[in-house]
Every structure is written in structure tokens, then in C-alpha cells.
Amino acid sequence: MSEYQYYKFERLDGYLDAKARQSLRTVSSRAEISATSFQVYYTYSDLKAEPTELMLTYFDIGFYYADWGTIDAYIKLPAGTLPDTLLGFSSEGFHVQESEEWQLLIFSLEEYYEYFDDEHANDFFQHLTGLRSELIQGNWRLVYFMWLKALDCNDELEEIPLIQFDFEHLSEELQAFAALYDIPLAWVKALAMVLNEQPSHQAKQAPLQFDAWLNNLTEVEKDTLLSTLFEQGQLTRHQALTMTRKESANKDETYQYWLTPDVISPFIEQAQSLLQQEQAEALAIKLAIEKAEKEKVLTDIYNQRERCWQQAQEQADRTCASGYDAASRYLHQLNEAYHFKGDITAFEQRFKRFIAINNSRKALLNRLSDCL
């Protein structure tokens with residue numbers, strides 16, 4: 001391998017013990033390994049392990065990208081988190097790898113040609129924790145996103161349950177995911193419209209009642225939780241729930257309402273129109289705010305114009321490149337402020353005086369050639 005590759009994995013529930021870290025060191029001698037994370041990049045070789053195996057064995061979230069345009073995001077869930085009806089859906093960009101303990105969700109982009117670097121990767125990686133938390137709590141919108149993306153170019157997808165998730169108000173994490181994975185927002189809006197008009201199943205996202213959960217635990221389960229807590233030094237909510245899970249989600253519900261291409265298609269055109277209208281309104285508001293902020297700045301400059309002229313001359317008197325750059329910025333700002341206030345003649349007169357004083361400074365004059 002000769003192109004750049006980046007891997008980052010993190011454990012959210014518990015820690016990597018010394019044995020696990022030692023094992024990970026055999027995978028990469030150059031990786032940054034801590035009690036909760038593994039990070040490495042390559043420019044001439046590759047990871048000595050399959051990312052999916054590392055995820056299933058050690059980590060809860062992961063991310064990979066390569067210069068040739070491949071991006072993979074990994075989210076590991078306890079077995080039974082997603083129902084079989086959702087696990088049965090797969091596409092080019094989404095599939096699930098299962099073990100007895102886990103469901104590993106893999107989100108892939110094979111041809112991503114926008115500029116992408118480690119900073120982008122780290123920014124997106126921060127959202128994976130929240131996305132995993134939503135899925136564990138029974139909010140499966142992320143899977144529906146991938147179904148909608150697949151539907152955008154394939155109108156023969158298999159059906160999935162029609163469940164009342166909120167597709168009108170998206171979390172910051174979901175918005176970041178939608179942007180990176182190019183989720184068609186018009187289709188998301190269409191799904192929200194379907195849920196407003198069609199019968200559907202209620203989402204089961206009831207908050208945990210701690211007392212009830214604790215009272216239902218057996219003595220063996222309590223002992224197991226305490227032993228794990230002492231071994232690891234911590235025990236997260238997700239980890240405790242996973243260790244005491246009584247039934248898997250796929251046995252909780254018999255679905256009778258289904259999302260199919262035929263169900264959502266009648267809403268697409270209206271959704272696209274509404275989305276364009278909303279985007280236009282949002283852009284107008286943004287531009288109005290930016291205009292007001294710019295006008296305030298120009299007003300402040302105009303009100304302090306004498307001081308700005310003085311500062312411009314002080315910078316010019318430094319007779320160096322950085323001083324000329326600073327003086328040029330002041331003059332260009334003054335030019336814009338005077339024009340905004342309709343006082344163009346006053347600027348021209350003052351500018352000619354400034355040029356006369358600094359006539360011997362050719363490098364400065366070159367920077368000001370577009371001021372009039």
C-alpha cells in the first residue's frame with residue numbers, strides 16, 4: 001500500500017486491559033494505544049488485522065478512511081438491539097455483522113471524492129458516540145437513513161417496519177452523518193410526511209426506570225455487575241443493561257405496518273418542494289444576518305474613521321511587508337465604510353492625501369491600486 005490510510009477505534013464501555021493492549025500492539029507497532037483507544041495511520045503499509053474483527057473483540061465505535069475515497073464507520077451494539085426485520089436490510093453502503101454477543105453496523109462509502117483529512121475524521125468520530133447511544137436507546141433513525149439512501153437509486157428495496165421516529169428534528173450527530181453519507185434530505189422529509197399520515201408503530205424509547213430495573217435483577221446478575229465494576233473500575237449504563245438484557249428487541253414486536261418504496265413515493269415531489277422552500281428561507285435569514293453584521297462593522301469603522309486613518313499611517317511607517325499589509329487592510333475597510341455611508345468624495349480626498357504622504361513606498365501603493 002502506498003496511499004494514506006487512517007484508523008481510529010474507541011472503547012466506550014469498560015477498558016482495554018494489559019493483555020488486550022499487548023495483543024493490539026502486535027497488530028500495529030506504531031499505533032497510539034491507550035486504555036480506551038487505538039489510532040494509527042499508514043502511508044506505505046496496512047493494518048495487520050481486519051477492522052471488523054478488532055471492533056467485535058475490543059471496541060464500540062470506529063472509523064477508517066483512505067486517500068482513494070473509501071470511508072467506513074463502525075458502531076457495535078449489544079446483540080438483540082436491532083430487530084431481525086432491520087438486520088435483514090443491507091445495501092452497498094450498509095451491512096451488519098453479527099456474533100453471539102454483538103451486532104456490528106458498518107456504514108461504507110466507496111467513492112468519496114471531497115477533500116477529507118484527519119481533522120475531518122476526528123470531528124466526525126466525535127459524533128459516533130451519540131449515534132451509538134441513540135441506537136441502543138431504541139432510536140433507529142440511522143438505519144432508516146441508509147434505507148432511504150439506497151432507495152434513492154433502487155426502487156425495489158425490501159420493506160422495513162414503519163415506526164414513529166422523529167424525522168423532522170434531527171440531532172447534531174444525525175445531521176453530521178447525513179452530510180458525510182449524502183443522505184437525501186428530501187426523502188427524509190418524505191418519510192416524516194408518511195409518518196404523519198399513515199398508521200405506524202410507536203417507537204419504544206421509554207426512559208429507564210432504575211428502581212424497577214434494579215428490583216428485577218437476580219442475585220447472580222448483581223454479583224456479576226459488581227465483579228465487572230471492580231475489575232474494570234467503572235461500569236457504564238449501556239454495559240450494565242447489556243449484561244442484564246432479558247429479551248432481544250426482535251422478539252418484542254410483531255409488525256403490521258411497513259415502509260416500502262410504494263408507500264413513500266407519492267410524497268417525494270411535495271417533500272422536495274418543501275425542502276427547497278425551507279432551504280431558501282434559511283438562506284435568506286442567514287444572508288440577512290450576515291448583512292446586518294457587516295453593516296454594523298462598517299458603521300463602527302466609519303464612526304472611528306479618524307482613528308483608522310491614523311492606524312493605517314502608523315502601519316505604513318513601519319516600512320515592512322507586514323506593516324504594508326496591515327495598512328492596506330485599514331484602507332480597504334475605510335473605502336468600504338465610506339461607500340456604505342455614501343461619503344465617497346470624502347474618502348477620495350483623504351485617500352489622495354494618504355497617497356501623497358506615502359508616494360515613495362511603491363510596495364504599499366501596489367497594495368492599494370484597487371482602492372479607487
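# Exercises on a predicted model

Threonine 52 lies in helix α2 (residues 51-58). The structure shown above is a predicted model, and the exercises below begin with this residue.

## Exercise 1. A residue of helix α2

Determine whether threonine 52 is buried or exposed, and state which residues it touches.

*Solution.*
Step 1. A residue counts as buried under 20% relative accessible area.
Step 2. Threonine 52 has a relative accessible area of 14%, and is therefore buried.
Step 3. When residues up to four places away in sequence are not counted, threonine 52 touches Tyr74, Gln97, Leu104 and Ile106.

## Exercise 2. The chain as a whole

State how many helices and strands there are in the chain, what percentage of its residues count as buried, and what percentage of the contacts between residues at least 6 apart in sequence join residues at least 24 apart.

*Solution.*
Step 1. The chain has 15 helices and 11 strands.
Step 2. It consists of 372 residues, of which 45% count as buried.
Step 3. Consider the contacts between residues at least 6 apart in sequence: 73% of them join residues at least 24 apart.

## Exercise 3. The nonpolar cores

Identify the members of the largest nonpolar core that touch the most other members, and name the helix that contributes the largest share of this core.

*Solution.*
Step 1. In soluble globular proteins, nonpolar side chains tend to be buried together.
Step 2. The largest nonpolar core here has 64 residues, and those touching the most other members are Phe63, Phe107, Tyr144, Phe177, Tyr181 and Ile264.
Step 3. Helix α5 (residues 141-151) supplies nine residues, the largest share of this core.
Step 4. Another core, of 22 residues, lies apart from it; its members include Leu54, Tyr64, Ala66 and Ile106.
Step 5. Tyrosine 144 may be examined individually. Not counting residues up to four places away in sequence, it touches Leu86, Ile160, Pro161, Leu162, Ile163, Phe165, Phe167, Leu191 and Leu259.

## Exercise 4. Aromatic pairs

State how many aromatic pairs are counted. Then classify the pair of tyrosine 7 and tyrosine 42 and the pair of tryptophan 309 and tyrosine 338.

*Solution.*
Step 1. Ring centres must lie within 6.5 Å, and planes over 60 degrees apart count as edge-to-face. By this rule, there are 33 aromatic pairs.
Step 2. Tyrosine 7 and tyrosine 42 are 6.2 Å apart centre to centre, with 80 degrees between the planes, and form an edge-to-face pair.
Step 3. Tyrosine 7 belongs to strand β1 (residues 5-10) and tyrosine 42 to strand β3 (residues 37-42), so this pair ties together parts that are 35 residues apart in sequence.
Step 4. Tyrosine 7 counts as buried at 4% relative accessibility, and tyrosine 42 likewise counts as buried at 4%.
Step 5. The ring centres of tryptophan 309 and tyrosine 338 are 6.3 Å apart and the planes stand at 65 degrees, so this pair is edge-to-face.
Step 6. Tryptophan 309 lies in helix α12 (residues 305-316) and tyrosine 338 in helix α13 (residues 321-340); the pair links distant parts of the chain, 29 residues apart.
Step 7. Tryptophan 309 is buried, with a relative accessible area of 4%, and tyrosine 338 is buried, with 3%.

## Exercise 5. Arginines over rings

Name the arginine that lies over the face of tyrosine 41 and the arginine that lies over the face of tyrosine 302.

*Solution.*
Step 1. Arginine 30 lies over the face of tyrosine 41, at 4.9 Å from the ring centre.
Step 2. Arginine 305 lies over the face of tyrosine 302, at 4.1 Å from the ring centre.

## Exercise 6. The two sides of helix α14

Explain why the buried residues of α14 are said to line one face of the helix.

*Solution.*
Step 1. Helix α14 (residues 344-357) has 14 residues and reaches 20 Å from its first C-alpha to its last, close to the 20 Å expected at 1.5 Å a residue.
Step 2. Phe347, Arg350, Phe351 and Phe354 are buried in α14.
Step 3. Down the axis of α14, its buried residues fall within an arc of 105 degrees, so they line one face of the helix.
Step 4. These buried residues pack against α12, α13 and α15 (362-367).
Step 5. Thr345, Gln349, Lys352, Arg353 and Ala356 are exposed residues on the face of α14 turned away from its buried side.

Definitions and conventions
Residues are numbered from 1 along each chain as its sequence is written. This is a predicted model: local features need pLDDT of at least 70, side-chain atom pairs count only at pLDDT 80 or more; totals for chains, interfaces and linings use all residues. Side-chain values use heavy atoms; hydrogens and water are left out. A nonpolar core is a set of buried Ala, Val, Leu, Ile, Met, Phe, Trp, Tyr and Cys residues joined through side-chain atoms within 4.5 Å. Buried means under 20% relative accessible area, exposed over 50%, partly exposed in between (1.4 Å probe, protein chains only). Helices (H or I, at least four residues) and strands (E, at least two) are DSSP runs, numbered from the N terminus. Contact means heavy atoms within 4.5 Å. Rings of Phe, Tyr and Trp (its six-membered ring) pair if their centres lie within 6.5 Å; planes under 30 degrees apart count as stacked, over 60 as edge-to-face and the rest as tilted. A charge sits over a ring if NZ of Lys or CZ of Arg is within 6 Å of the ring centre and within 35 degrees of the ring normal. The expected span of a helix is 1.5 Å times one less than its number of residues. The arc is that of the directions from the helix axis to the C-beta atoms.
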